[in-house]
Amino acid sequence: MGINRPITVGRIDYANVWPIFHYAEEQLSADRFKIEKRVPSALNRALRQGEIDITSMSSFAYAENAENYLLLPDLSVSAKGRVNSILLFLKKPLEEVLKGRIALTATSATSVNLLKILMKLYYNAEPSYITMEPKLDEMLEEADAALLIGDTAIHASWENAKRGQTVIDLGELWRNWTGYGMTFALVAVRKEIAAEYPEAVADVHRALLASKEKSLRELTPLVEKACALLGGDSAYWSRYFKELHYDFGANEQAGLTLYFDYAHQLGLLPNEVQMQFFEDQNVLKVNK
């Protein structure tokens, strides 16, 4: 390939990303492409250091280095309302939490900064924060509320159904406040890889789009996989995948631009973000 290795594609293996990748590997030949599964923070670091070439990544991590990346069009993990796996678990009444301490997961900058935006600009509150490993009981021993994401949040929500604690879905809260959905993850490629190997990047893009479309057209394989690997029942997982949104059109871009603007306003992002997109023949389309 000219880089002495296959084009390497990073995959976050949370259930919410499954539709984009479930069928992709069978379309990407092993002699030209390699799929690597890592936790989000490790993928972000590997892309930044050039160890991988294309990856699913958190929206906030993309924004921190957007000048180095291109987005693969029409791919995201978004929610028009509730997301069901970005959840704030409250041990105390909300009015006490707003003046108290919140334990943050160590696994997602997008969700952590979404919470900080909502706390400051929606609730006009400035609680203190502590970052911990994503273990709900331990987090709630140290804090008045705890933020969990992904499969860990899903399992905690099932347990919470027995406890009856208040749970706030950050996707739903963002929608109620702004009128926009929220985009939690994107797929990005390093600019130099897109420039040197546009055909290979286009092959990856087409494989991911095809996987998304096939997965969402027939959810049964993903639902069965989720039940087998993560527990729960088919009704839950069917609703879960249907309530997520995997496109990245004008509405998703507008909602994410607002998120980036708020993050910059609060000093969470040092830079303004201008999204750039990969196109076949390496044509850049700038979203203005």
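The legends below describe close-up views of a predicted model. Residues are numbered from 1 along each chain as its sequence is written, and side-chain values use heavy atoms, with hydrogens and water left out. Local features need pLDDT of at least 70 and side-chain atom pairs count only at pLDDT 80 or more, while totals for chains, interfaces and linings use all residues.

**View 1. The two domains of the protein chain.** Domain 1 covers 7-78 + 182-287 and domain 2 covers 86-178; the bounds come from an automatic or database domain assignment. Between the C-alpha centres of domain 1 and domain 2 the distance is 24 Å. To the contact, domain 1 contributes 24 residues and domain 2 contributes 21 residues, where contact means heavy atoms within 4.5 Å.

**View 2. The interface between domain 1 and domain 2.** The size of an interface is often given as the accessible area lost when the parts come together. Here domain 1 and domain 2 bury about 1900 Å² between them, and 74% of this area is on carbon and sulfur atoms. Buried area is the accessible area (1.4 Å probe) that two parts lose on being put together, summed over both. Five residue pairs are in polar contact between domain 1 and domain 2, both residues being at pLDDT 80 or more. A polar contact is a pair of N or O atoms within 3.5 Å; within protein, one must be able to donate a hydrogen and the other to accept it, and residues adjacent in sequence count only if both atoms are side-chain atoms. The count of salt bridges between domain 1 and domain 2 is zero; a salt bridge is a side-chain nitrogen of Lys or Arg within 4 Å of a carboxyl oxygen of Asp or Glu.

**View 3. The side of domain 1 that touches domain 2.** Two or more residues come from each of helix H3 (59-64), strand S10 (182-190), helix H12 (234-243) and helix H13 (250-265). Helices (H or I, at least four residues) and strands (E, at least two) are DSSP runs, numbered from the N terminus. H13 gives the most to this side, with six residues. By residue class, this side of domain 1 has 16 nonpolar, seven polar and one charged. Ala, Val, Leu, Ile, Met, Phe, Trp, Tyr, Cys and Pro count as nonpolar, Asp, Glu, Lys and Arg as charged, and the others, Gly among them, as polar.

**View 4. Threonine 183 in strand S10.** Threonine 183 is buried, at a relative accessible area of 1%. Buried means under 20% relative accessible area, exposed over 50%, and partly exposed in between (1.4 Å probe, protein chains only). Its side chain makes a polar contact of 2.7 Å with the side chain of serine 78. Not counting residues up to four places away in sequence, the residues touched by threonine 183 include Ser59, Thr110, Phe248 and Leu256.

**View 5. The salt bridge of glutamate 51 with arginine 38.** The closest N and O atoms of this pair are 3.6 Å apart. Glutamate 51 lies in the loop between helix H2 (40-48) and strand S3 (54-58), and arginine 38 in the loop between strand S2 (33-37) and H2, so the pair ties together parts that are 13 residues apart in sequence. Glutamate 51 is partly exposed at 39% relative accessible area, and arginine 38 is partly exposed at 28%. Lys34, Glu36, Arg38 and Glu51 are linked in a network of salt bridges.

**View 6. Lysine 212 with aspartate 74 and aspartate 247.** Side chains of opposite charge can pair when their charged atoms come close. The salt bridge between aspartate 74 and lysine 212 has its closest N and O atoms 3.4 Å apart. This pair links strand S4 (residues 69-79), which holds aspartate 74, to helix H10 (residues 198-217), which holds lysine 212, across 138 residues. Lysine 212 is buried at 4% relative accessible area, whereas aspartate 74 is partly exposed at 33%. In the salt bridge of lysine 212 with aspartate 247, the closest N and O atoms are 2.6 Å apart. Aspartate 247 sits in the loop between strand S11 (244-245) and H13, 35 residues from lysine 212, and is partly exposed at 29% relative accessibility.

**View 7. Asparagine 113 in helix H5 (residues 109-122).** Asparagine 113 is buried, with 7% relative accessibility. Leaving aside neighbours within four places in sequence, asparagine 113 is in contact with Phe60, Tyr259 and Leu268.
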